[in-house]
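The sequence and structure are shown first.

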Amino acid sequence: MKILTVIGTRPEAIKLAPVIRALAAWSDIESIVCVTGQHRDLVEPVLSLFGIVADHDLGLMRPNQNLNDLVAGVVAGVDAVIDQVRPSWVIVQGDTTSAMGSALAAFGRKVPVAHVEAGLRTHNLKSPWPEEMNRRVVDAFSDLLFPPTLQARENLLLEAVPGRIVVTGNTVIDALQACAQKLNDDDDLRQRVDAGLPQFEPGRRLLLVTGHRRENMGE
């Protein structure tokens, strides 16, 4: 069985890396990785960290391209890879344009789609834009849907999506545990990380804030 996993952005790389590593452990699965070329400087270190080498690189980023340009590039690029490798499944993650375009390309080729992190909803197509639309589109025709939470599963059930739903939890936790294990197993790496993060002093209280979404940043 051939399984094609498509990665566009850094969050996709982080959350799909544990899935790709798990697939590689199965002797009867040929795992094929395709990157779109978005966020290249952010994606490549993540893949390197997990020991993943891309089999196909679409190199889609162009100066001044708009969203529709990117969608067209993803669909055409992934379609060409599908035509070449003839996968049994295509795996995408999340709500990115690369996930939506890749799933659309697979659907057009009648290749089953598996959606990691399915079912997330704000119920507002304008927020986040275009991610809310992207994830709804992918969920609408995915054959396997992997929601991270029971609430995400409920969203999918209310929408009566036709695919099989399996609650898996969030694969970013698998990525976190893999990195923690890597630090435990590699004394030199752990020392270098500790030296670069002096703020992690024993007993020091920390507040972690994630605020990367553009809608959190105001004007």
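## Backbone features and packing

Arg 86 is exposed, since its relative accessible area is 56%. The model discussed here is predicted. Arg 86 is located in the loop between helix 3 and strand 4, and its phi is positive, about 55°, although the residue is not a glycine.

Asn 64 also has a positive phi, near 60°, and is likewise a residue other than glycine. It lies in the loop between strand 3 (56-57) and helix 3. With a relative accessible area of 82%, Asn 64 is exposed.

One runs from Ser 127 to Pro 128, and another joins Trp 129 and Pro 130. Pro 128 belongs to the loop between strand 5 and helix 5; Pro 130 is placed in the loop between strand 5 and helix 5. The backbone angles are collected below.

| Site | Angle | Value |
|---|---|---|
| Asn 64 | phi | near 60° |
| Arg 86 | phi | about 55° |
| Ser 127 to Pro 128 | omega | near -5° |
| Trp 129 and Pro 130 | omega | about 0° |

**Nonpolar cores**

The largest nonpolar core contains 24 residues, and those with the most contacts inside it are Leu 4, Val 78, Ile 82, Val 90 and Val 92. At least two residues of this core come from each of strand 1 (2-7), strand 2 (30-35), helix 3 (67-85), strand 4 (89-93), helix 4 (97-108) and helix 5 (131-141). Helix 3 provides the largest share, 7 residues. Beyond its neighbours within four places in sequence, Val 78 is in contact with Val 6, Leu 58, Ser 102 and Ala 105.

Helix 5 has as its buried residues Glu 131, Glu 132, Asn 134, Arg 135, Val 138, Asp 139 and Phe 141. The elements that cover them include strand 4, helix 4, strand 5, strand 6 and helix 6 (150-159). Phe 141 counts as buried because its relative accessibility is 17%, and the cut-off for buried is under 20%.

Because Phe 107 lies in helix 4 and Phe 141 in helix 5, the pair ties together parts 34 residues apart in sequence.

**The second largest pocket**

Rolling a probe the size of a water molecule over the atoms shows where empty space is left. The second largest pocket holds about 240 Å³ of space. Its lining consists of 15 residues, among which Val 19, Ile 91, Ala 114, Val 116 and Phe 146 lie nearest the centre of the pocket. By class, this lining comprises 10 nonpolar, 4 polar and 1 charged residues. Helix 1 (10-24), strand 4, strand 5 (113-116), strand 6 (144-146) and helix 7 (171-185) each contribute at least two residues to the lining of the second largest pocket.

Conventions: Residues are numbered from 1 along each chain as its sequence is written. This is a predicted model: local features need pLDDT of at least 70, side-chain atom pairs count only at pLDDT 80 or more; totals for chains, interfaces and linings use all residues. Side-chain values use heavy atoms; hydrogens and water are left out. A nonpolar core is a set of buried Ala, Val, Leu, Ile, Met, Phe, Trp, Tyr and Cys residues joined through side-chain atoms within 4.5 Å. Buried means under 20% relative accessible area, exposed over 50%, partly exposed in between (1.4 Å probe, protein chains only). Helices (H or I, at least four residues) and strands (E, at least two) are DSSP runs, numbered from the N terminus. Contact means heavy atoms within 4.5 Å. On a 1 Å grid over the protein atoms alone, a cavity is a set of points where a 1.4 Å probe fits but cannot get out, and a pocket is an open set with protein on both sides within 12 Å along at least five of seven lines; lining residues have an atom within 4 Å of a point. Grid points are joined across faces, edges and corners, and a volume is the space filled by probe spheres set on the points. Ala, Val, Leu, Ile, Met, Phe, Trp, Tyr, Cys and Pro count as nonpolar, Asp, Glu, Lys and Arg as charged, and the others, Gly among them, as polar.
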